[in-house]
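Student: Could we go through this structure together and check the labels against their definitions?

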Amino acid sequence: MEIKGKIISGMGKGTYFMSQEIYIKQFQEKLHFKPYVGTLNIKLEKNRMNTLINISQEKFGLIEGKGKFGDVKFIKAVLNHDVSGALVFPAKTEHTEDVLEFISNKNLRESLKLKDGDLVSVTID
């Protein structure tokens, strides 16, 4: 399944949360990489939310939060048919449903020279 969207700037909160040891350890265990501190925000094309709703819940993993840090569901994905990573769905988020957060082990804006408005694709098995 392929989902397309545009890069948008976030609120900077992904950087804070992705730097927390509680999340780093579990992502390393479950995804086998240390995530870059931050998320790449992707605003979905219109009418693409339904695509995500149809994904079997069995495909999602769970990062367990503690205290003020909420749980995070994730699903492995590939950005632009090139970069392995995951889409993350924090239980506590200020994003609207049409904004996805992608993580990988590198700064994607720098390594792929991405900027706001660039089109990207995310592939989920």
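Tutor: Gladly; we will take the labels one by one. This is a predicted model, where local features need pLDDT of at least 70, side-chain atom pairs count only at pLDDT 80 or more, and totals for chains, interfaces and linings use all residues. Residues are numbered from 1 along each chain as its sequence is written, and side-chain values use heavy atoms, with hydrogens and water left out.

Student: Why is Y23 called buried?

Tutor: Buried means under 20% relative accessible area, exposed over 50% and partly exposed in between, with a 1.4 Å probe and protein chains only. Y23 has a relative accessible area of 4%, so Y23 is buried.

Student: And what makes F89 partly exposed?

Tutor: F89 has a relative accessible area of 24%, so it falls in the in-between class. F60, at 17% relative accessibility, counts as buried.

Student: Why is the pair of Y23 and F69 called edge-to-face?

Tutor: Rings of Phe, Tyr and Trp (its six-membered ring) pair if their centres lie within 6.5 Å; planes under 30 degrees apart count as stacked, over 60 as edge-to-face and the rest as tilted. Here the values are 5.9 Å centre to centre and 85° between the planes, so the pair is edge-to-face. Y23 lies in helix α2 and F69 in the loop between β3 and β4, so the pair ties together parts that are 46 residues apart in sequence. Helices (H or I, at least four residues) and strands (E, at least two) are DSSP runs, numbered from the N terminus.

Student: How do you know that F60 and F89 form an aromatic pair?

Tutor: Their centres are 5.8 Å apart, so they pass the distance test, and the 70° between the planes makes the pair edge-to-face.

Student: What makes K73 lie over the face of F60?

Tutor: A charge sits over a ring if NZ of Lys or CZ of Arg is within 6 Å of the ring centre and within 35 degrees of the ring normal. K73 is at 4.8 Å from the ring centre of F60.

Student: How do you know that strand β6 is largely enclosed?

Tutor: Five of the five residues of β6 (residues 99–103) are buried, so the strand is largely enclosed by the rest of the structure. V99, E101 and I103 cover one side, and L100 and F102 the other.

Student: Why do β2 and β6 count as paired?

Tutor: Two strands pair if DSSP finds at least two bridges between them. Four bridges join β2 (residues 40–44) to β6, so they pair, and they run antiparallel. L40 stands opposite F102 in β6.
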